[in-house]
Amino acid sequence: MREIVEDIERWRAAGHDVALARVVDLAGSGPRDPGAAMAVNDAGEVAGSVSGGCVEGAVVTEALDVLRTGSARMVTFGYSDDEAFAVGLTCGGTVHLFIEPLDW
Amino acid sequence: MTDRSPTAATALPVWSALRDALRAGHPVALATVVDGRGVGHKLLVGADPNDAPLGTLGDADLDRVVGRDLRAELAAGHTSVRHYGRQGQANQTDVEVFLEAFAPPPRMLIFGAVDFTAALARVAKVLGYRVTVCDAREVFATRARFPMADEVVVDWPHRLLASVGSHLGPADAVCVLTHDPKFDVPAIVGALATGVGYIGVMGSRHTHERRLERLAEEGVTDPADLGRLMAPIGLDIGARTPEETAIAVCAEIIALRTGRRAPSLRDGTGPIHA
């Protein structure tokens with residue numbers, strides 16, 4: 001979180017809405033621990049990361065939807081052989097993210 | 001999209017308090033309801049139990065129980081997911097809460113304002129350390145030479161350690177780069193008196209042998225004390241430049257913390273440079 005504070009503040013000062021995604025839980029192997037955070041503003045700009053780059057694209061989509069609807073949500077990304085095109089962690093882990101509007 | 005006036009930038013009380021604590025490096029912990037009633041609700045606590053928490057999870061009893069757990073997580077530096085009843089009951093799972101502790105950043109004290117200092121300070125900043133550069137020589141210990149450091153102190157190492165030493169713990173590091181017995185012996189003696197997790201000392205094997213004689217004259221002979229010294233400083237990766245040496249030092253700090261086997265220069269023989 002610490003490393004994305006200044007980006008978030010710059011966006012807020014410019015009048016942007018901001019969504020915050022945080023790793024809440026991790027099962028199996030994953031590159032980032034709980035607490036890893038990523039922020040997305042309403043222009044689609046990104047700060048920070050929640051994985052090694054595997055799920056960030058999908059998180060941006062979810063975060064923009066969170067900003068549009070105003071409702072926070074848990075999102076889970078995992079790897080499955082059955083879903084060749086599904087978003088997941090190539091390292092085989094499952095990551096649980098909480099994505100919310102920064103309105104608190 | 002919510003319509004927000006320009007003044008809304010100052011109107012987020014929990015975020016503003018979290019932001020200020022993170023900027024100042026103060027310990028703080030944040031609870032967020034991630035499932036169940038009140039998703040998104042927040043409770044923020046600092047380290048001082050006399051300060052009232054900020055925000056609410058929607059129930060006074062739940063706030064009291066989670067506030068207590070948050071302070072415990074903050075003391076331990078843990079981040080976790082916990083389940084509670086709606087009024088904070090244990091063994092119930094109505095509400096899922098994410099408890100996130102933000103410990104203050106670890107500290108690195110670098111003694112000696114030499115060529116290697118700037119590179120080490122830069123790499124330590126990348127790793128999230130709060131970096132203090134200390135040297136008794138006013139001409140060398142200047143802000144202009146070390147703009148990347150959080151603090152540049154003109155003082156004797158043992159005096160700085162006497163004032164901040166009681167705050168140093170296992171996550172913190174002391175790096176003695178002076179390789180001048182006049183400075184490094186008192187720095188080592190001062191660092192050994194603290195609970196700091198890493199003490200690295202620069203210089204060749206020959207320099208360190210002479211340093212050990214000086215330390216013995218100061219009464220430092222306990223093998224447990226001498227065993228804490230990583231000298232020559234850094235992993236044995238053939239580092240030559242200040243930047244490569246900085247990587248070798250920081251990698252050694254990581255390896256010691258995680259308990260992984262990586263070859264330290266201290267545990268080898270022969271010349272330390274590639």
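Trainee: Does Asp155(B) count as buried or exposed?

Mentor: Asp155(B) counts as buried, because its relative accessibility is 19% (buried means under 20% relative accessible area, exposed over 50%, partly exposed in between, with a 1.4 Å probe and protein chains only). This is a predicted model, in which local features need pLDDT of at least 70 and side-chain atom pairs count only at pLDDT 80 or more, while totals for chains, interfaces and linings use all residues. Residues are numbered from 1 along each chain as its sequence is written, chains are lettered from A and ligands numbered from 1 in the order in which they are written, and side-chain values use heavy atoms, with hydrogens and water left out.

Asp155(B) sits in the loop between strand S8 (151-154) and helix H4 (157-164) of chain B; helices (H or I, at least four residues) and strands (E, at least two) are DSSP runs, numbered from the N terminus. Its side chain makes a 2.7 Å polar contact with the side chain of Arg159(B). A polar contact is a pair of N or O atoms within 3.5 Å; within protein, one must be able to donate a hydrogen and the other to accept it, and residues adjacent in sequence count only if both atoms are side-chain atoms. Leaving aside residues up to four places away in sequence, Asp155(B) touches Cys134(B), Asp135(B) and Ala136(B), where contact means heavy atoms within 4.5 Å.

Next, the aromatic pairs. Rings of Phe, Tyr and Trp (its six-membered ring) pair if their centres lie within 6.5 Å; planes under 30 degrees apart count as stacked, over 60 as edge-to-face and the rest as tilted. Over all chains there are two such pairs. Trp104(A) and Trp15(B) are edge-to-face, with 6.0 Å between centres and 80 degrees between the planes. This pair joins two chains, because Trp104(A) is in the segment after strand S5 (94-101) of chain A and Trp15(B) is in helix H1 (residues 13-24) of chain B. Both Trp104(A) and Trp15(B) are buried. Trp156(B) and Phe183(B) are stacked, at 5.1 Å centre to centre and 20 degrees between the planes. Trp156(B) is in the loop between S8 and H4 of chain B and Phe183(B) in helix H5 (residues 181-192) of chain B, so their pair ties together parts 27 residues apart in sequence. Trp156(B) is partly exposed, with a relative accessible area of 32%, whereas Phe183(B) counts as buried at 6% relative accessibility.

Arg2(A), Arg12(A) and Trp104(A) supply 31% of what chain A buries against chain B, more than any other three residues.

Four salt bridges cross this interface, a salt bridge being a side-chain nitrogen of Lys or Arg within 4 Å of a carboxyl oxygen of Asp or Glu. Lys42(B) and Glu100(A) form a salt bridge at 2.5 Å, N to O. Glu100(A) also forms a salt bridge with Arg22(A), at 3.0 Å between the closest N and O atoms. That pair links strand S1 of chain A, which holds Arg22(A), to strand S5 of chain A, which holds Glu100(A), 78 residues apart. Arg22(A) is buried, with a relative accessible area of 0%, and Glu100(A) counts as buried at 1%.

How values were computed. Buried area = accessible area lost by both parts, 1.4 Å probe.
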